[in-house]
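Here's a quick tour of one structure, with an eye on charged pairs, helix packing and what ends up on the inside. Have the sequence and the 3D view open as you read.

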Amino acid sequence: MSTHAKRERLLLADLLEAAGPEAPTLCSGWTCRDLAAHVVVRERRPDAAGGLLLNVLKARLDKAMEEYTAKPYEELLQLIRTGPPRMSVYALKQIDEAANAVEFYVHAEDVRRAQPDWSPRELDPVFSDALWSRLEKLARLTGRRSPVGLVLRRPDGRTVVARKGAPVVTVTGEPGELTLFCFGRQAAASVTLDGEKEAVAKLTVASLGI
């Protein structure tokens, strides 16, 4: 596994362990147990994980989630730490980095920021740049349901257009915060929004993300 993905995987497992199975997350309606089961199903049940995107597989996904949430919490955490099976596509370093570094970063913050005593995490510049690189590639996908034009801006001025249109809202923040915003965690992201008041209001409740 690559450096970023492996680090975020282990951090996520540690946060899940510290919070406990019944602790809340930023994923609406999900406890830490549900989130842990989601991570394991996504990696170990490709036949069911497709239900995250395809309605035809939704029943299979629901059944797999039910099976895994019933497992001991410690077992789920160990499966997360162990990583995907050898034959999984996620076992390939390039795919692991592309698919999991962002996934695990977002879910780690789902756990961290749902707790009453959470504190900000300062990301190292290399990881911030890696998140920005992924966001540049995913911006239009995550912003496709934005009800307004959406521009993402780093504090140093670098920008990417997530959705063309008018009126335009410019969201400024560090790459990690912009990533959370674009993956539907607008309320938890530390960003500033510039644009017409009505447009900003619509964007903050929009269904962003993949």
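## Asp129 and its partner

Asp129 comes out as partly exposed in this predicted model, its relative accessible area being 36%. Its salt-bridge partner is Arg154, with the closest N and O atoms 3.1 Å apart. This pair links distant parts of the chain, since Asp129 sits in helix 7 while Arg154 is in the loop between strand 1 (149–153) and strand 2 (159–163), 25 residues apart. Arg154 has a relative accessibility of 6%, so it counts as buried, the cut-off being under 20%.

How many salt bridges does the structure hold? The count is 17. One of them joins Arg45 to Glu67, with 3.5 Å between the closest N and O atoms. Arg45 lies in the loop between helix 2 (32–44) and helix 3 (46–49), and Glu67 belongs to helix 4 (residues 58–69), so this pair ties together parts that are 22 residues apart in sequence. Glu67 counts as partly exposed, at 38% relative accessibility.

Another salt bridge brings the side chains of Arg113 and Glu177 together, at 2.8 Å from N to O. Here the pair ties together parts 64 residues apart in sequence, because Arg113 is in the loop between helix 6 (93–112) and helix 7 (125–142) whereas Glu177 is in helix 8 (residues 175–182). Are these two residues buried or exposed? Arg113 counts as buried at 11% relative accessibility, and Glu177 counts as buried at 13%. Elsewhere, Arg7, Glu8, Arg121 and Asp124 are linked in a salt-bridge network.

## Helix 2 against helix 5

Two packed helices are described by the angle between their axes and the distance between the axes. For helix 2 and helix 5 (residues 73–82), that works out to an angle of about 45 degrees, with the axes 9 Å apart. The two helices are therefore oblique to each other, and helix 2 passes helix 5 in a left-handed crossing.

Which residues make this contact? From helix 2 come Cys32, Arg33, Ala36, Ala37, Val39, Val40 and Arg44, and they meet Tyr73, Leu76, Leu79, Ile80 and Thr82 in helix 5. Sorted by type, the residues of this contact are nine nonpolar, one polar and two charged.

## Helix 2 against helix 4

Helix 2 also packs with helix 4: their axes come within 9 Å and cross at roughly 120 degrees. That angle makes helix 2 oblique to helix 4. This crossing is right-handed.

On the helix 2 side, the contact involves Arg33, Asp34, Ala37, His38, Val40, Val41 and Arg44, while helix 4 brings Leu61, Ala64, Met65, Tyr68 and Thr69. The breakdown for this contact is seven nonpolar, two polar and three charged residues.

## Helix 8 on the inside

Back to the helix that carries Glu177. Eight of the eight residues of helix 8 are buried, so the rest of the structure largely encloses it. If you want to click through them, they are Pro175, Gly176, Glu177, Leu178, Thr179, Leu180, Phe181 and Cys182.

What covers the buried residues of helix 8? The cover includes helix 6, helix 7 and helix 9 (197–204), along with strand 1, strand 3 (168–172) and strand 4 (192–194). Following helix 8 is Gly184, which has a positive phi, near 85 degrees.

How values were computed:
Residues numbered from 1 in each chain as written. Predicted model: local features only at pLDDT ≥ 70, side-chain atom pairs only at ≥ 80, totals over all residues. Heavy atoms only, no water. Salt bridge = Lys/Arg side-chain N within 4 Å of Asp/Glu carboxyl O. Helix = DSSP H or I, 4+ residues; strand = E, 2+ residues; numbered from the N terminus. Buried < 20%, exposed > 50% of the residue type's maximum accessible area, 1.4 Å probe, protein only. Axes fitted to C-alpha atoms, helices over the stretch in contact; angles between N-to-C directions. Parallel < 35°, antiparallel > 145°, perpendicular 65-115°, else oblique. Left-handed = near helix turned anticlockwise from the far one by under 90°. Contact = heavy atoms within 4.5 Å. Nonpolar A, V, L, I, M, F, W, Y, C, P; charged D, E, K, R; others polar.
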